[in-house]
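Here is a short briefing to read alongside the model. It goes through the cavities and then the sheets, so keep the structure open as you read.

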Amino acid sequence: MGKLSGKQLVIVHGWSDNWKSMKKVGSPLQAEGAGVRYANYDSREDKAVYEDFAEGLDKELARFAKQGKLTGTDGRIHFVTHSTGALVLRQWFRQYPERHDLVGNVVFLAPANFGSPLATKGKSLIGKVFKGQHGSGDHFEVGQKILDGLELASPFAWELSDSDLFGKNGSLYHKSGIRASVITGCKGYGGLRQFVNKPGTDGTIVVAGASLNSRRLDLDFVGNREDNSTSWHGFTEEQHKKRGFIPVNIPFAIHNNLNHASILKLKENDLLLEQIIRCLSATETDYDMLTKDFYEFTGKQVGADKNLNYQQFIFRIRDDRGMPVPDYHLEFNVWELSRLSPAGNGVQHVPAGTKMSREESRRSGELDRLLEENLHTHSQDSSYKRYLVRPDQVHEIVGDNHVLTMRVDAESGDRDITYQTGKLENIVLLHPKRVKGEKVKPFFTNTTTLIDIRIDRESRLLTIR
């Protein structure tokens, strides 16, 4: 009897792919006794949106339910996804919350949870030539709306996280809920495909963006809410928990010898196959041990290579009405510790108008160049920006006797409309004296951190005389 005997699996493919290529995943799992079915959807249909695929998935599952073939002997249905398939499944979770109780275990293989740098290329001419399909006439289709969701700093990815990671009831993924696990590679492509490789990716998806162990910080500077205005470190751990900043731990494993394609070749990788089987078999009792083992496995795989330890930050700025602020600039600076004002309410800040020394300017310039290397502003909504950094490089630039601060400047393009950003000057993000042993800190490798900022918008467009 196989290790997955009696379990019913559905496998969901990624962008520009189809169900047939997923047989390299399904066949070994079927050999372990699982019942395997394959979702198939047209990811290159330009008019399609993720909601269409979620609805299709729900209808197909309902069809099998009528036939008595939906769940396995454990009364659950389990999923394995690859790449964009993760977004399709998570949208189904979001769209049909009444189905959550049907779901058992989920394995996300190289998921594009927080984007792919190739999504922009997919929408370009090169994407139409190599991955597009013929539409009507000479029109090539690449799945424009699907690629919008796959783009770095995607509003869609943020909305998904609002639903399943930071919802009002907390994360969907935990040992007594949907037992999700993430496995990815961190090796780029070889041969002719290596020209698409980007730092911190498996050739296609951002490794730090694959993990669902995300953090979020809400900075609300609207009105008189000045308690949030001076320092990241001004928050207590309880305040961070309320903002969803301290996450549930979800099993996350990185293989340093696998890329986005080779992670599907289960027959050639006994260790990977065993890990997937273990994820699909995990019970409430052993889920925590799986998380711990994956953490230790990842440490051995990438811990010694700093070039593999990235963190992704995604910023979003909205005004007091909830409208996007499309034109803003984030400035990160490095200051000597002596520049900080005396602590007030447990926090410190650099006083406004402080002039930089030559050394502070040098360090700030070096940091700025580092951050600009992997900055991406979303093409459809510029209120979303993404940075990819190596925390060890940031710590090296800041050093032991300086602090890292953030400043926000926003423009409306109209002299009668202004954004009040005075409270967002020199927010202390990193204080080296508070790093050791500190539970709440900004830098965690192999994760994505969402920072949601709200500021006041003021206008002088109406008067009464």
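**Cavities and sheets at a glance**

The lining of the largest cavity is made up of 14 nonpolar residues, with no polar and no charged ones. Please keep in mind that this is a predicted model. Searching the whole structure turns up two cavities of 30 Å³ or more.

**The largest cavity**

- This cavity, the largest, holds about 150 Å³ of space.
- Among the 14 residues lining the largest cavity, F313, F332, L404, L429 and F443 are the closest to its centre.
- Two or more lining residues of the largest cavity come from each of β10 (311-319), α12 and β13 (384-389).

**The second largest cavity**

- The second largest cavity has about 30 Å³ of space.
- Its lining consists of L330, F332, D368, L371, E372 and Y387.
- β11 and α12 are the elements that give two or more residues to the lining of the second largest cavity, and α12 supplies the largest share, three residues.
- By type, the lining of the second largest cavity has four nonpolar residues, no polar ones and two charged ones.

**The three-stranded antiparallel sheet**

- Here three strands make an open sheet, ordered β11-β14-β16, with antiparallel pairing.
- β11 (328-336) and β16 (427-430) are the edge strands with a single partner strand each, so one side of each has no neighbour in the sheet.
- On average, neighbouring strands of this sheet are turned by 35° against each other, direction ignored.
- Nine bridges join β11 and β14 (residues 402-410) in the antiparallel sense, and N333 stands opposite T405 in β14.
- Two helices lie across strands of this sheet: α12 (residues 358-373) lies across β11 and β14, at about 140° to β11, while α13 (residues 391-398) lies across β11, β14 and β16, at about 105° to β14.

**The six-stranded parallel sheet**

- Another open sheet has six strands in the order β2-β1-β3-β4-β7-β9, with parallel pairing.
- β7 (residues 179-185) pairs with β9 in the parallel sense over four bridges, and V182 has F252 in β9 as its bridge partner.

Technical notes. Residues numbered from 1 in each chain as written. Predicted model: local features only at pLDDT ≥ 70, side-chain atom pairs only at ≥ 80, totals over all residues. Heavy atoms only, no water. Pairing = 2+ DSSP bridges. Axes fitted to C-alpha atoms, helices over the stretch in contact; angles between N-to-C directions. Contact = heavy atoms within 4.5 Å. 1 Å grid on protein atoms, 1.4 Å probe; cavity = no way out; pocket = protein on both sides within 12 Å on 5 of 7 lines; lining within 4 Å. Points joined across faces, edges and corners; volume = space filled by probe spheres on them. Nonpolar A, V, L, I, M, F, W, Y, C, P; charged D, E, K, R; others polar.
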